[in-house]
Amino acid sequence: MSENQQAIIRTGGRQFRVSTGSVLRVEKLPVEAGATIDFEVLLVGQGDAVKIGKPLVSGAKVEAKVVSHGRGPKLIVYKFRKRTNYRKKQGHRQAYTEVKITSITG
């Protein structure tokens, strides 16, 4: 396993490009802080040695440690219709899980 090995993982309906040691925020996952989790691997490689999955790479594994859970900044959703006295103001904070990639194999 080399330090510059990279992978593309899929979680929460999105794809992320990761390498060992990278920290990222993903959609909230139902695991405790401090636990380890495996992700679906779509692509793994280093330099010219790249494996592309159809859709997943068999035998590849990306492990991550859950650092913390949290909520993002407040976003304001404001709906307005003219001449009908309709106004609606609503706030939203998206929940996330912060993970640190510990190992990439495959």
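Me: Which residues make the nonpolar surface patch of about 350 Å²?

Reply: This is a predicted model, where local features need pLDDT of at least 70, side-chain atom pairs count only at pLDDT 80 or more, and totals for chains, interfaces and linings use all residues. Residues are numbered from 1 along each chain as its sequence is written, and side-chain values use heavy atoms, with hydrogens and water left out. Patches take residues with over 30% relative accessible area and no salt bridge, joining like charges within 9 Å and nonpolar side chains (Val, Leu, Ile, Met, Phe, Trp, Tyr) within 5 Å; a salt bridge is a side-chain nitrogen of Lys or Arg within 4 Å of a carboxyl oxygen of Asp or Glu, and areas come from the Shrake-Rupley method with a 1.4 Å probe, counting only the protein chains shown as cover for residues. The patch is made by Ile76, Tyr78 and Phe80.

Me: Is isoleucine 76 buried or exposed?

Reply: Isoleucine 76 sits in strand E7, residues 75-81; helices (H or I, at least four residues) and strands (E, at least two) are DSSP runs numbered from the N terminus. Buried means under 20% relative accessible area, exposed over 50%, and partly exposed in between, with a 1.4 Å probe and protein chains only. Because its relative accessibility is 52%, isoleucine 76 counts as exposed.

Me: Which residues form the covered face of strand E1?

Reply: In a regular strand the side chains alternate between the two faces of the sheet. Strand E1 spans residues 6-11, and its uncovered face holds Gln6, Ile8 and Arg10. The covered face is Ala7, Ile9 and Thr11.

Me: What is the bridge partner of threonine 11 in E2?

Reply: Two strands pair if DSSP finds at least two bridges between them. E1 and E2 (residues 14-19) pair antiparallel over six bridges. They form a hairpin with two residues between them, and glycine 12 in the turn has a positive phi of about 65°. The partner of threonine 11 is arginine 14.

Me: How many bridges join E6 to E9?

Reply: E9 (residues 95-105) pairs antiparallel with E3 (residues 23-27) over five bridges, with valine 26 opposite threonine 97. E6 (residues 61-71) is antiparallel to E9 as well, and alanine 64 has isoleucine 101 as its bridge partner. The number of bridges between E6 and E9 is 10.

Me: What is the phi of arginine 83?

Reply: Most residues other than glycine have a negative phi, and most peptide bonds are trans. Arginine 83 lies in the loop between E7 and E8 (86-92), and its 76% relative accessibility makes it exposed. Its phi is positive, near 60°.

Me: What is the omega of the cis peptide bond between lysine 54 and proline 55?

Reply: Proline 55 lies in the loop between E5 (49-52) and E6. The cis bond joining lysine 54 to proline 55 has an omega of about -5°.
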